[in-house]
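Visitor: I would like to go through this model label by label. Please give me the value, the cut-off and the conclusion each time.

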Amino acid sequence: IINLGQPEHSTITTCAYCGVGCAFKAEMKGTEVVRMVPWKDGKANEGHACVKGRFAWGYATHKDRITTPMIRKSINDPWQEVSWDEAIGYAASEFRRIQAEHGRDSIGGITSSRCTNEETYLVQKLIRAAFGNNNVDTCARVCHSPTGYGLGQTYGTSAGTQTFKSVEKADVILVIGANPTDAHPVFGSRMKKRLREGAKLIVVDPRRIDLVQSPHISAQHHLQLKPGTNVAVISALAHVVVTEGLLDEAYIAERCDDKSFREWREFVARPENSPEAMSLVTGVPAEELRAAARLYATGNSEGVKTGRQVNAAIYYGLGVTEHAQGSTMVMGIANLAMATGNVGREGVGVNPLRGQNNVQGSCDMGSFPHELPGYRHISDSTTRTLFESAWGVTLNPEPGLRIPNMFDAAQQGTFLGLYCEGEDIVQSDPNTQHVTDSLKAMQCVVVQDIFLNETAKYAHVFLPGSSFLEKDGTFTNAERRISRVRRVMKPLAGYADWEVTQKLANALGYPMNYQHPEEIMQEIAALTPSFAGVSYEKIERLGSVQWPCNDHTDEAGTAIMHVDKFVRGKGRFIITQYVPTDEKVTRKFPLLLTTGRILSQYNVGAQTRRTENNQWHSEDRLEIHPHDAEERGIREDDWVGIQSRAGETVLRATVTERVAPGVVYTTFHFPESGANVITTDSSDWATNCPEYKVTAVNVSLVAQP
Ligand code: SF4
């Protein structure tokens with residue numbers, strides 16, 4: 001613990017790491033933060049915190065911060081420090097030149113789940129109103145875009161159904177492709193408390209995560225499936241529910257669309273979806289699949305209906321979404337919860353655990369190329385007219401380019417200018433070579449970030465960003481809770497991110513004149529029905545609010561969604577056919593690589609690697625099963641080469657039975673280990689979310705690099 005002295009004053013703000021959204025008291029001495037103390041009244045954390053939010057805030061004043069704007073004509077030239085006016089003016093003139101020469105759609109931008117709601121709203125407004133196209137996408141593309149698609153199709157909106165507190169009422173907890181004790185630690189602790197009280201646990205994961213077996217907690221079932229076979233598992237669970245009479249018929253009759261239910265029931269009852277058939281695909285014993293389905297539906301592994309209402313809650317993460325069938329799996333989960341009557345009350349539901357602080361918010365704010373704020377399709381003329389009249393422009397009714405489409409268009413010479421705020425696409429997007437080749441093909445790349453990140457190596461303009469300690473605004477966590485982010489120190493570069501975006505809009509000739517992020521939130525509330533009741537005044541008074549928040553909800557918004565009916569009316573079942581991924585093992589690539597996070601580090605590590613947290617986990621390593629290691633002559637700490645059809649990298653080995661034979665695993669927190677050099681550009685069929693969780697690889701012993 002770094003003790004910088006006794007605090008003189010403090011400000012309540014929100015953690016800028018994961019989607020739990022813990023509230024902290026930033027204690028200050030003069031203009032310096034001396035401590036971040038978890039706030040006891042924070043509704044998401046109730047006074048708790050993890051090692052990231054509690055200790056890893058020092059990056060905000062790290063010596064690597066860039067605080068002066070820079071430009072260069074070519075990425076081979078050295079950076080030249082310039083004034084804000086010169087940098088913004090250069091970016092604007094280049095964007096307009098490219099549009100004049102190559103058309104309105106030749107530029108676009110990327111928003112960040114690290115930034116506030118107000119900043120994200122402003123970036124998409126800049127692109128739609130000032131660029132004049134819908135070429136806006138968000139880093140949620142590479143994490144939870146299948147959640148948006150899947151929950152939108154089945155329930156009618158893209159959001160988790162519960163509060164975190166709801167887990168305290170769960171009798172059965174089904175964790176799929178998530179590792180809450182490492183990636184969402186404060187919620188993970190809450191879940192563990194409930195498990196210690198006696199709730200039953202099913203874990204679906206190719207790796208033996210801590211939850212499977214930890215002090216006083218032992219999962220009833222660990223379905224250790226082969227990577228890429230999630231949909232086969234959910235089909236088998238649904239098959240058991242349907243064929244063993246475990247459906248909640250009354251719930252389905254009242255709450256769900258009858259035609260889609262009958263079609264789904266007929267589909268999942270087919271023998272090819274049985275646990276016996278899916279066992280061959282997933283590698284999970286059929287009896288284990290049967291028992292897990294019975295436990296989820298009835299509260300006991302024998303499938304005996306006791307007459308008591310059992311609450312079964314599903315929590316899932318990127319191990320569900322980052323697959324070629326990510327959207328299919330989200331819909332499979334939604335189907336299972338509806339079929340057993342587990343949506344619409346405390347203790348149940350479908351809960352995506354969001355990786356970043358404002359993934360939910362960045363999606364809510366209209367960052368996808370096909371949606372305006374509030375998940376309204378750009379082709380909807382009524383919604384478009386509303387925004388056109390507020391923004392004073394004519395909006396393009398056609399969806400714009402997604403991030404991977406931007407890269408492809410760049411290589412075809414039709415997409416040449418990019419505004420990228422708070423997102424290191426070179427490190428975080430799959431198939432690094434393809435990303436860098438695309439950036440090299442562009443004529444003007446503008447990066448706005450707090451550090452000169454990997455993407456900035458391919459940029460022509462660098463605009464210094466601001467950390468969460470330097471700005472006002474709001475974040476929305478994984479339970480739709482909107483909390484205030486409050487400025488505790490002046491922006492090191494002079495401006496907060498929203499002010500930089502506003503300057504760029506003005507330089508492009510589209511006037512913006514907000515004096516404070518509160519004015520931006522007022523505009524969001526006026527244009528977005530689910531945010532109509534959101535205001536800074538109310539958040540000050542209540543601490544936080546949860547959307548939907550309007551005249552039809554409680555003053556603090558909505559804790560549990562879909563209580564009387566689904567947002568779309570009747571819940572819709574969707575047929576979810578398992579389709580094998582293209583990432584299959586071959587003689588050349590005989591192992592399947594999957595990826596994940598570790599407690600002390602965060603995503604690509606740009607923040608945590610610049611803090612004391614780096615001492616606890618200072619490299620990415622490859623976990624490999626003892627059998628696979630022995631076959632290759634690999635021992636603990638040896639250096640191993642990993643090759644996929646996209647690229648190759650080198651890591652040190654950890655020999656462990658956490659992974660099954662045939663499966664290897666690594667984290668992705670260090671640029672030098674290059675996890676995304678080897679991930680391919682396979683992606684979800686509906687949303688293009690990359691298939692980070694399955695890559696066929698070869699692993700061999702190599703000399704120390
Ligand atoms: Fe921050 Fe998440 Fe840790 Fe809470 S659990 S302190 S939000 S990183």
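Predicted model: local features only at pLDDT ≥ 70, side-chain atom pairs only at ≥ 80, totals over all residues.

Visitor: What is the phi of R480, and where does R480 lie?

Guide: Phi of R480 is near 65 degrees, a positive value in a residue other than glycine. R480 lies in the loop between β20 (473–476) and β21 (481–485).

Visitor: Which label does E46 get, and why?

Guide: E46 has 40% relative accessibility. Buried needs under 20% and exposed needs over 50%. The value lies in between, so E46 counts as partly exposed. E46 also has a positive phi, about 45 degrees, although it is not a glycine. Its place is the loop between β3 (32–38) and α1.

Visitor: And N431, buried or exposed?

Guide: The relative accessible area of N431 is 12%. That is under 20%, so N431 is buried. N431 is in the loop between α17 (425–428) and α18 (432–441).

Visitor: How far is N431 from Y692, in sequence and in space?

Guide: N431 and Y692 are 261 residues apart in sequence. In space they are 9.9 Å apart, C-alpha to C-alpha.

Visitor: What makes α11 largely enclosed by the rest of the structure?

Guide: The count of buried residues does. Eleven of the 13 residues of α11 are buried, so the helix is largely enclosed. Among them are A286, L289, R290, R294, Y296 and T298.

Visitor: How do you know what span to expect for α11?

Guide: Helix α11 covers residues 286–298, which is 13 residues. The expected span is 1.5 Å times one less than the number of residues. For α11 that gives 18 Å. The helix reaches 18 Å from its first C-alpha to its last, close to the expected value.

Visitor: What follows α11?

Guide: G299 does, and its phi is positive, near 90 degrees.

Visitor: What kind of peptide bond joins W547 to P548, and what is its omega?

Guide: The bond is cis, with omega near -5 degrees. P548 lies in the loop between β22 (545–546) and β23.

Visitor: Now the cavities. How many are there of 30 Å³ or more?

Guide: The structure holds seven. Of the 28 residues that line the largest cavity, G177, G319, T595, G596 and K693 are the closest to its centre.

Visitor: Which elements supply the lining of the largest cavity with two or more residues?

Guide: They are α5 (180–183), α12 (318–321) and β23 (591–596). β23 has the largest share, three residues. By class, the lining divides into eleven nonpolar, eleven polar and six charged residues.

Visitor: Where does the ligand sit?

Guide: The ligand sits in the second largest cavity. The criterion is that more than half of its atoms lie within 2 Å of the grid points. This cavity has a volume of about 80 Å³. Of its 13 lining residues, the closest to the centre are C15, C18, V20, C22 and C50.

Visitor: Which residues surround the ligand, and how close must a residue come?

Guide: A heavy atom of the residue must lie within 4 Å. The shell consists of C15, Y17, C18, G21, C22, F24, C50, K52, G53, P185 and V186. The elements that give two or more residues to this shell are α1 (51–55) and α6 (185–196).

Visitor: How does the shell around the ligand divide by class?

Guide: It has eight nonpolar, two polar and one charged residues. Cys, Tyr, Phe, Pro and Val count as nonpolar, Gly as polar and Lys as charged.

Visitor: How much space lies in the second largest pocket, and which residues are closest to its centre?

Guide: About 510 Å³ of space lies in that pocket. Of the 26 residues that line the pocket, G148, G152, S158, E371 and Y375 are the closest to its centre. α4 (145–154) gives the most to the lining, with five residues. The lining has nine nonpolar, 13 polar and four charged residues.

Note on methods: Residues numbered from 1 in each chain as written. Heavy atoms only, no water. 1 Å grid on protein atoms, 1.4 Å probe; cavity = no way out; pocket = protein on both sides within 12 Å on 5 of 7 lines; lining within 4 Å. Helix = DSSP H or I, 4+ residues; strand = E, 2+ residues; numbered from the N terminus. Buried < 20%, exposed > 50% of the residue type's maximum accessible area, 1.4 Å probe, protein only. Points joined across faces, edges and corners; volume = space filled by probe spheres on them.
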